[in-house]
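Here's a quick briefing to read alongside the structure. Have the coordinates open and follow along.

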Amino acid sequence: MADSVLAVGEKLHIMTRRLFADDVHPHFVGEISAVAGPLFKAQGYSFVFDSGTNSYVKHPKARTRLFSLSDAGHIITLIPQEVDLNSLEYRLVSGRLTITDSRGFSLEINEFGQSN
């Protein structure tokens with residue numbers, strides 16, 4: 001089996017690229033539990049953009065999702081090991097959309113030059 005650039009235990013933030021302006025804006029944060037070549041399984045939380053409140057809403061229950069590194073539709077960012085996935089939330093910081101744990105970790109989200 002081919003080696004992977006990812007390893008069990010690493011934490012990720014994953015955005016799914018939108019193809020059209022009205023597409024859902026799904027994001028996912030999770031920890032990798034299995035890797036097989038380009039495929040990996042991660043457990044964590046889904047966030048979806050709610051246009052009514054103009055904010056990202058976190059699904060309250062953890063989910064297990066499968067992803068592929070060969071899928072060009074995902075923007076994957078590693079996040080530090082010490083980040084508590086349960087505490088992550090989206091906030092506007094200086095007018096920029098950011099996901100943060102409010103304890104030192106923050107990741108500015110800039111999907112195709114837009115702030116949401």
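Start with a charge-on-ring contact: the charged end of Arg 65 sits over the ring of Phe 28, 5.5 Å from the ring centre. To count, NZ of Lys or CZ of Arg has to be within 6 Å of the ring centre and within 35 degrees of the ring normal. Bear in mind that this is a predicted model, where local features need pLDDT of at least 70, side-chain atom pairs count only at pLDDT 80 or more, and totals for chains, interfaces and linings use all residues. Residues are numbered from 1 along each chain as its sequence is written, and side-chain values use heavy atoms, with hydrogens and water left out.

**Charges and rings**

- A search of the whole structure turns up five aromatic pairs. Rings of Phe, Tyr and Trp (its six-membered ring) pair if their centres lie within 6.5 Å; planes under 30 degrees apart are stacked, over 60 edge-to-face, and the rest tilted.
- Phe 40 and Phe 67 have ring centres 5.4 Å apart and planes at 25 degrees, so this pair is stacked.
- Phe 40 is in strand β3 and Phe 67 in strand β5 (residues 63–68), so the pair ties together parts 27 residues apart in sequence. Strands (E, at least two residues) are DSSP runs, as are helices (H or I, at least four), and both are numbered from the N terminus.
- Both Phe 40 and Phe 67 are buried. Buried means under 20% relative accessible area, exposed means over 50%, and partly exposed is in between (1.4 Å probe, protein chains only).
- Tyr 56 and Tyr 90 are stacked too, because their ring centres are 4.5 Å apart and their planes are at 25 degrees.
- That pair links distant parts of the chain, with Tyr 56 in strand β4 (residues 55–58) and Tyr 90 in strand β7 (residues 89–93), 34 residues apart.
- Tyr 56 is buried at 9% relative accessible area, and Tyr 90 counts as buried at 12%.
- Phe 47, Phe 49, Tyr 56 and Tyr 90 make up one aromatic cluster.

**The cores**

- The largest nonpolar core has 16 residues, and those with the most contacts inside it are Val 29, Phe 47, Leu 88, Tyr 90, Ile 99 and Ile 109. A nonpolar core is a set of buried Ala, Val, Leu, Ile, Met, Phe, Trp, Tyr and Cys residues joined through side-chain atoms within 4.5 Å.
- Two or more residues of this core come from each of β3 (39–50) and β8 (96–100), and β3 gives the largest share, three residues.
- Apart from this core lies another, of eight residues, including Leu 6, Leu 12, Ile 32 and Phe 67.

- Phe 47 is in strand β3 and is buried, with a relative accessible area of 2%.
- Leaving aside neighbours within four places in sequence, Phe 47 is in contact (heavy atoms within 4.5 Å) with residues including His 25, Val 29, Tyr 56, Leu 88, Tyr 90 and Ile 99.

**The sheet**

- Three strands form an open, antiparallel sheet in the order β7-β8-β9; strands pair if DSSP finds at least two bridges between them.
- β7 and β9 (106–108) are the edge strands, each pairing on one side only.
- Antiparallel β8 and β9 are joined by three bridges, and Thr 100 stands opposite Ser 106 in β9.
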